[in-house]
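Here is a short briefing to read alongside the model. Take a look at the fold, and then we will walk through it topic by topic.

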Amino acid sequence: MQIRPLYDRIIVKRIDPLRQTASGIVIPDTAAEKPEQGEVVAVGTGRLLQDGSLRPLQLRSGDRVLFGKFAGQTVKLDDQELLVLREEDVLGVIDTGPGAKSSLKAA
């Protein structure tokens with residue numbers, strides 16, 4: 001089944017972080033927090049402005065994004081848990097392309 005978000009909403013699939021600490025301790029599912037990173041699966045057409053014009057979104061499908069811990073609405077579609085967010089709920093885009101320097105480390 002396909003889902004198409006409306007206006008300035010995006011659909012995000014959460015990316016599970018490593019469930020192991022730097023010292024090698026494995027964290028069980030019950031103690032792990034929900035991931036705050038995800039991959040954009042679908043984007044809406046854009047934000048509807050007061051004058052009736054449509055401002056296109058800056059995000060694209062395939063972008064890897066950071067979002068707040070309690071942001072968005074969780075939906076289940078075809079046994080897959082997805083998150084519906086507004087573009088303004090996204091804190092940033094993670095650049096994973098060639099030449100990108102990674103300063104993020106797994107906790």
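What share of the contacts in the protein with a separation of 6 or more comes from residues 24 or more positions apart? Such residues account for 62% of those contacts, where contact means heavy atoms within 4.5 Å. This is a predicted model, in which local features need pLDDT of at least 70 and side-chain atom pairs count only at pLDDT 80 or more, while totals for chains, interfaces and linings use all residues. Residues are numbered from 1 along each chain as its sequence is written, and side-chain values use heavy atoms, with hydrogens and water left out.

**Overall make-up**

- The protein has zero helices and eight strands; helices (H or I, at least four residues) and strands (E, at least two) are DSSP runs, numbered from the N terminus.
- Read from the N terminus, the elements run β-β-β-β-β-β-β-β.
- Of the 107 residues in the protein, 23% are buried; buried means under 20% relative accessible area, exposed over 50%, and partly exposed in between, with a 1.4 Å probe and protein chains only.

- Six strands form an open sheet in the order β6-β7-β1-β2-β5-β8, with antiparallel pairing; two strands pair if DSSP finds at least two bridges between them.
- β6 and β8 stand at the edges with a single partner strand each, so one side of each has no neighbour in the sheet.
- On average, neighbouring strands of this sheet are turned by 45° against each other, direction ignored; the axes are lines fitted to C-alpha atoms (for helices over the stretch in contact), and angles run from 0 to 180 degrees between N-to-C directions.

**Two strand pairs to look at**

- Strand β1 (residues 9–14) and strand β2 (residues 37–43) run antiparallel and are joined by five bridges, with Arg-14 standing opposite Gly-38 in β2.
- Strand β6 (residues 73–77) pairs with strand β7 (residues 80–86) in the antiparallel sense, also over five bridges, and here Thr-74 stands opposite Leu-83 in β7.
- The hairpin of β6 and β7 has two residues between the strands, and Asp-78 takes a positive phi near 55° there.

**Nonpolar cores**

- The largest nonpolar core has 11 residues: Ile-10, Val-12, Val-40, Leu-57, Leu-59, Val-65, Phe-67, Ala-71, Leu-83, Leu-85 and Val-90. A nonpolar core is a set of buried Ala, Val, Leu, Ile, Met, Phe, Trp, Tyr and Cys residues joined through side-chain atoms within 4.5 Å.
- β1, β5 (64–67) and β7 each supply at least two residues of this core.
- A second, separate core of five residues includes Ile-11, Leu-77, Leu-82 and Val-84.
- Phe-67, a core member, sits in strand β5 and is buried at 2% relative accessibility.
- The C-alpha atoms of Phe-67 and Val-90 are separated by 4.8 Å, although the two residues are 23 apart along the chain.
- Beyond its neighbours within four places in sequence, Val-90 is in contact with Ile-10, Leu-59, Val-65, Leu-66 and Leu-85.

- Asp-8, in the segment before β1, is buried with a relative accessible area of 4%.
- Setting aside neighbours within four places in sequence, the contacts of Asp-8 include Arg-47, Leu-57 and Glu-87.
- Leu-91 in strand β8 (residues 90–94) is exposed, with a relative accessible area of 66%.
- Apart from neighbours within four places in sequence, Leu-91 is in contact with Leu-66, Phe-67 and Gly-68.
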